[in-house]
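Here is a short briefing on one protein model. Please look over the sequence and the structure before reading on.

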Amino acid sequence: MEILGKALPADASPTLTDSCTSFLGFGPAVGVFEVSPVAAREAAGFKGRFADTPSWSQHESMVEFAEARSHEIAGINATLLDGKDCLREMTAGADEIMFGDTPGTYYASPDQQVVIVLLSGDLGKGAIFVQSP
């Protein structure tokens, strides 16, 4: 929750609804969360902190996001792929989120160890991937 608090606007009020840690609790970790309606609208419209912070960007899919950001640092693919089994345990639409056309507002930490997505189609819902919690 601390990571979400630092990356999201102050009024986002994230609520973790489910989480999973792979590899005997040593990482990666994935969480599914919801944010306030105000933060969801800002993310969908790419306004406020989302537009003002270079770590946030909008993409038509997670694949597009990973391709765009992996040119900067290669670790983003590992962060996402290492967390896919956890996401599958928590979400029926995990493969669609990971590999389909899932527009959203995406965040990558400078070291690519944290990825956050706020889904455009499911306003207010998101997922966080942490390489090693």
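**Salt bridges and a buried strand**

Asp95 is partly exposed, with a relative accessible area of 40%. Salt bridges with shared partners tie Asp95, Arg88 and Asp85 into one network. The model is predicted. Four salt bridges turn up in a search of the whole structure.

- Asp95 bridges to Arg88, with the closest N and O atoms 2.8 Å apart.
- Arg88 also forms a salt bridge with Asp85, where the closest N and O atoms are 3.4 Å apart.
- Asp85 and Arg88 both sit in helix H6 (residues 84-90). They are three residues apart, about one turn of the helix.
- Asp85 is partly exposed at 43% relative accessible area. Arg88 is partly exposed too, at 38%.

- Glu34 forms a salt bridge with Lys125, and the closest N and O atoms are 2.7 Å apart.
- This pair links distant parts of the chain: Glu34 belongs to strand E2 (residues 29-34) and Lys125 to strand E6, 91 residues apart.
- Glu34 is partly exposed, with a relative accessible area of 32%. Lys125 is also partly exposed, at 32% relative accessibility.

- Six of the six residues of strand E5 (residues 114-119) are buried, so the strand is largely enclosed by the rest of the structure.
- In a regular strand, side chains alternate between the two faces of the sheet.
- Both faces of E5 are covered. Val114, Ile116 and Leu118 are buried on one side, and Val115, Val117 and Leu119 on the other.
- Strand E4 (residues 104-108) pairs with E5 in the antiparallel sense over five bridges. Thr105 has Leu118 of E5 as its bridge partner.
- E4 and E5 form a hairpin with five residues between them. Gln112 in that turn has a positive phi of about 65°.
- E5 also pairs with strand E6 (residues 125-130), antiparallel and over five bridges. Val115 stands opposite Phe129 in E6.
- The E5 and E6 hairpin has five residues between its strands. Gly124 in the turn has a positive phi of about 95°.

**Surface charge and helices**
- Glu60, Glu64, Glu67, Glu96 and Asp101 form a negative surface patch. Glu67 lies in helix H4 (residues 62-70).
- Lys6 is in helix H1 (residues 2-7). Lys6 is exposed, with a relative accessible area of 56%.
- Lys6 and Thr105 are 99 residues apart in sequence and 16 Å apart in space, C-alpha to C-alpha.

Notes:
Residues numbered from 1 in each chain as written. Predicted model: local features only at pLDDT ≥ 70, side-chain atom pairs only at ≥ 80, totals over all residues. Heavy atoms only, no water. Helix = DSSP H or I, 4+ residues; strand = E, 2+ residues; numbered from the N terminus. Buried < 20%, exposed > 50% of the residue type's maximum accessible area, 1.4 Å probe, protein only. Patch = residues over 30% accessible without salt bridge, like charges linked within 9 Å, V, L, I, M, F, W, Y side chains within 5 Å. Areas by Shrake-Rupley, 256 points an atom, 1.4 Å probe, with all protein chains shown as cover. Salt bridge = Lys/Arg side-chain N within 4 Å of Asp/Glu carboxyl O. Lys, Arg positive; Asp, Glu negative; His and termini not counted. Charge placed at Lys NZ, Arg CZ, Asp CG, Glu CD. Pairing = 2+ DSSP bridges.
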